Amino acid sequence: MAKTYRPRIPKPFRIPRRMAARAEATRFGWLTPDVLSIVAGALIAAVAPLDRLDYVARGLTASALADAAPSAQVLLVTASPEALREGLCERSLPGLLERGRARGALLIPPADAFCGGGAASRAGAANATSAASAAPVVRMPPELLRLSAGDVVGFFPLPAGERAPELGALGVSAAPWVLKKAPQSVPAVSLRDLADGQVPASALEGRVAVVAVGAGGVAPQAVATSALPPARGVAAVLGGLLDGGRRASAPAWVPALFVLLAGGLVRTARRRYGSLVATAALFLGVFALAAGQGVLAARAEASLIALPSALFGLAVAFAGVMIVRGLVVQRSVDRAAELIQRAALFRMQGVHTLPDEEFWPRVARLAEQAHPADLVLVAELPAGSWHLRFWNDRQGGGESFVAELRRDVRRPPYSSEQGVPAIRLSRRFLAKQDMPAVVVPLIAFGEIEGYVFFCGPVAEQTFSREPERAEHVGRELALLLRRKRLARTAQAGAGEARGGGSPEDDLVEGARVALDDLQLFGSMLRSAPVGLLYADAFGDVRFVAPEFAKWLRARDVTVPAESASAALPPGSLTLGDVLGATAASDAAVSLSSVMASDDGIELSVSAPEPAVLSVRPLRRESDGSSWIAGYVAALIPVQQAAPVSDNVRPLAVRDAADPLCAFQLGDVVADAVASASRATGRAVRLEPIRGATHALGHRGELEQVLEAFLTDVAGRGLPGHGPVVSVREAPQGVQLSILDVGFGLGLPESALQRVLTAPGSAPAGLEPLGRLILAVEDSHGHAELKTNDGWGITLTVTLLRAHPRAFVSANEGGKPAAQQNVIAIGRAGPK
């Protein structure tokens with residue numbers, strides 16, 4: 001049974017790969033931190049962890065929605081302590097209830113201690129004789145009252161006992177919260193007024209009389225407020241209950257659904273319009289929650305939401321959306337700011353972003369490159385000032401070089417006697433009195449931006465010989481300073497309009513500088529004297545210079561019109577199209593060959609003009625691995641050589657991809673011997689390699705011709721008489737010896753000597769030997785044939801020895817692992 005061998009990946013390079021990773025990422029891609037925070041807020045609102053606060057909030061909601069309409073179901077009857085002690089309640093209450101056809105009486109402690117005896121016995125007798133016509137007189141148990149914030153808001157479930165039916169007959173039932181009557185809307189009378197007939201007994205008809213202790217001698221309109229607590233609350237709640245004000249908790253999904261909707265609104269507002277609009281959306285949600293609670297509580301029975309828990313869940317959702325999103329944005333801003341700071345070394349056009357301590361010395365260095373001088377000073381003219389500030393990149397700055405104390409630009413030497421700024425030669429301006437200075441005002445569009453001073457005899461001679469040179473330098477420097485000043489002014493104005501800078505402003509400024517650099521890069525491509533091309537990691541050409549585009553059009557390749565920044569849209573032109581335009585059929589022009597080579601490839605093209613097309617990959621490295629981030633290509637014209645005579649054979653053009661380099665000849669020979677053995681099926685013996693065998697030559701060419709030669713010799717030899725190959729280091733250099741060459745080729749030594757003399761014109765059958773000799777001579781080596789007294793002919797190839805490089809062994813910290821006077825000799829790998 002055949003076995004299948006699979007390469008085993010080393011353990012440090014194994015990376016677990018989950019199945020269907022892309023599908024799972026797409027399926028759960030919406031589970032972002034802000035969405036999870038909204039879901040968490042909805043769960044909090046559904047669970048309602050703030051039970052005590054929710055209870056108080058429901059009671060306050062029920063109290064806030066009290067009905068102000070007069071109650072037709074309850075009558076508050078108050079009796080003064082004097083009247084109760086006289087027994088007025090016990091004597092008159094049963095008769096009043098009977099005459100007034102009341103629904104019954106509810107005694108509120110402590111009034112039940114004075115009204116309960118006779119009333120209860122009489123009620124019991126009435127129940128025994130005529131249960132249908134008796135009005136029950138029932139004592140209110142204090143444990144039946146549901147209180148919130150010290151006020152009665154409802155009734156607990158009725159206890160199982162003898163008074164439960166009587167309480168139920170009065171309308172008292174289990175009601176957690178009740179939309180009670182307002183205290184002023186519950187009618188109230190005095191028991192003495194009812195007993196004396198000042199108030200007709202018909203006022204009790206169909207009502208429940210709530211009997212309570214009240215103050216005596218008060219005005220009739222103050223009777224209700226004179227009742228002792230909790231009588232007023234009981235009367236108001238019972239009146240609301242009998243009028244249909246029973247309320248209960250809303251289902252748990254109601255606040256959860258609201259938090260989901262409000263959180264989604266806040267998330268959308270945060271993503272599209274920013275934090276301010278998201279905060280406004282939060283307040284809108286809170287207002288909608290409060291208003292909705294009021295509307296629902298006034299109309300539906302199961303409508304009291306756990307308001308504090310719902311608000312807490314909404315706060316969690318809002319905090320998650322704002323904080324998580326803010327952290328993401330802040331992290332992105334910080335990383336972008338870090339990248340912008342790291343890219344500051346490569347900025348080309350963002351001159352206004354440089355601090356003054358860096359900008360002005362760089363201007364001085366630029367002026368020194370443009371105009372010969374022993375010393376260059378640059379003077380800054382601050383805004384709104386007439387006095388200069390000097391800069392120089394040397395130690396001590398520019399102030400120490402100037403002896404002139406009057407730095408008013410309206411006076412000499414900065415201006416003429418008439419006050420007109422002009423280029424002039426001044427003396428006794430510097431601390432060294434004998435050093436002249438060429439004063440050049442930097443004027444852009446009629447405004448003075450500063451001054452540049454070219455000091456020394458060299459500057460004086462250059463100015464006397466070429467006065468226009470200082471004028472040209474001054475004009476360009478003035479434009480540079482003006483650009484910097486205007487950009488700084490615009491940036492400061494924008495910062496004041498925004499109320500100060502922020503990381504986001506720095507990010508926008510960095511993006512603008514990057515855009516300027518991109519535009520400058522496009523201008524560079526359009527103005528390049530040679531053909532340049534850049535392709536991204538996908539092989540799509542993004543930038544192409546006019547010379548390169550012209551060459552592509554000459555080869556019938558469609559090149560789209562470029563944009564203002566010389567950029568091409570993705571997919572309009574590919575690197576494969578560019579490589580296909582070379583009209584070559586070998587594998588060297590495929591994109592895979594470019595990917596496989598770190599140094600790229602170079603192709604010779606002949607039409608329309610001779611040129612070399614160089615294509616290289618742009619690699620980036622991270623975490624020990626590298627990848628191709630793009631490709632760059634250049635089309636370099638090649639001048640045609642002068643025509644030669646017909647009897648002179650020109651040297652072959654060597655491929656630049658096979659340069660002269662140092663390599664181990666033993667490795668090359670070992671690979672060639674193995675390849676020849678596999679190709680011919682015959683043994684090619686390789687003697688043990690002696691020495692390091694570092695040689696100098698064209699490795700790629702030597703590998704090809706040596707493998708072809710050994711394959712040819714081994715294929716022609718007799719069985720058991722294969723060639724013997726040895727490699728060793730000799731005083732003359734690195735030697736490669738191949739024994740039994742004569743047996744393999746079947747020719748005497750005299751016939752082989754002809755190949756040594758003219759290897760380029762080898763006879764038929766000896767072409768592999770001729771190519772090997774040519775390759776050796778191209779590598780600055782030599783070959784010779786020697787007869788071994790009847791033991792065959794030996795081909796000896798001698799190459800130049802490459803000395804190994806010396807380096808200092810270092811550890812991971814960058815310090816030498818050994819002493820500094822000890823040098824470790826290492827082998828230099830092939831380039």
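A crossing is left-handed if the near helix is turned anticlockwise from the far one by less than a right angle, and right-handed if clockwise. Keep that handy for the legends below. This is a predicted model, where local features need pLDDT of at least 70 and side-chain atom pairs count only at pLDDT 80 or more, while totals for chains, interfaces and linings use all residues. Residues are numbered from 1 along each chain as its sequence is written, and side-chain values use heavy atoms, with hydrogens and water left out.

**View 1. Helices α21 and α22 pack at an angle of about 40°.** Helices (H or I, at least four residues) and strands (E, at least two) are DSSP runs, numbered from the N terminus. Here α21 spans residues 665-680 and α22 spans residues 699-716, with the axes 8 Å apart. Those axes are lines fitted to C-alpha atoms, for helices over the stretch in contact, and angles run from 0 to 180 degrees between N-to-C directions. The crossing of α21 with α22 is right-handed. On the α21 side, the contact (heavy atoms within 4.5 Å) is made by V668, V669, A672, V673, S675, A676, A679 and T680. Facing them from α22 are R699, E703, L706, E707, L710, T711, A714 and G715. Sorted by class, that's 9 nonpolar, 4 polar and 3 charged residues. For the sorting, Ala, Val, Leu, Ile, Met, Phe, Trp, Tyr, Cys and Pro count as nonpolar, Asp, Glu, Lys and Arg as charged, and the others, Gly among them, as polar.

**View 2. Helices α2 and α11 cross at roughly 155°.** The axes of α2 (residues 33-47) and α11 (residues 253-273) come within 8 Å. That angle makes α2 roughly antiparallel to α11; angles under 35 degrees count as roughly parallel, over 145 as roughly antiparallel, 65 to 115 as roughly perpendicular and the rest as oblique. This crossing is right-handed. From α2 come D34, V35, I38, V39, G41, A42, A45 and A46, and from α11 come P255, A256, V259, L260, G263, G264, R267 and R271. The contact of α2 with α11 has 10 nonpolar, 3 polar and 3 charged residues.

**View 3. A disulfide links C89 and C115.** The whole structure has 1 disulfide, defined as a pair of cysteine sulfur atoms within 2.5 Å. In this pair the sulfur atoms sit 1.6 Å apart, and the link is right-handed, with 125° about the S-S bond. C89 lies in helix α5 (residues 88-99) and C115 in helix α6 (residues 112-129), so the pair ties together parts 26 residues apart in sequence. C89 is buried at 1% relative accessible area, and C115 is buried at 0%. Buried means under 20% relative accessible area, exposed over 50%, and partly exposed in between (1.4 Å probe, protein chains only).

**View 4. S148 is a buried residue in strand β4.** The strand covers residues 145-148, and S148 has a relative accessible area of 5%. Setting aside neighbours within four places in sequence, S148 is in contact with Y55, V56, G59 and V153.

**View 5. P546 is partly exposed in helix α18.** The helix takes in residues 546-554, and the relative accessibility of P546 is 39%. P546 and V530 are 16 residues apart in sequence and 8.7 Å apart in space, C-alpha to C-alpha.
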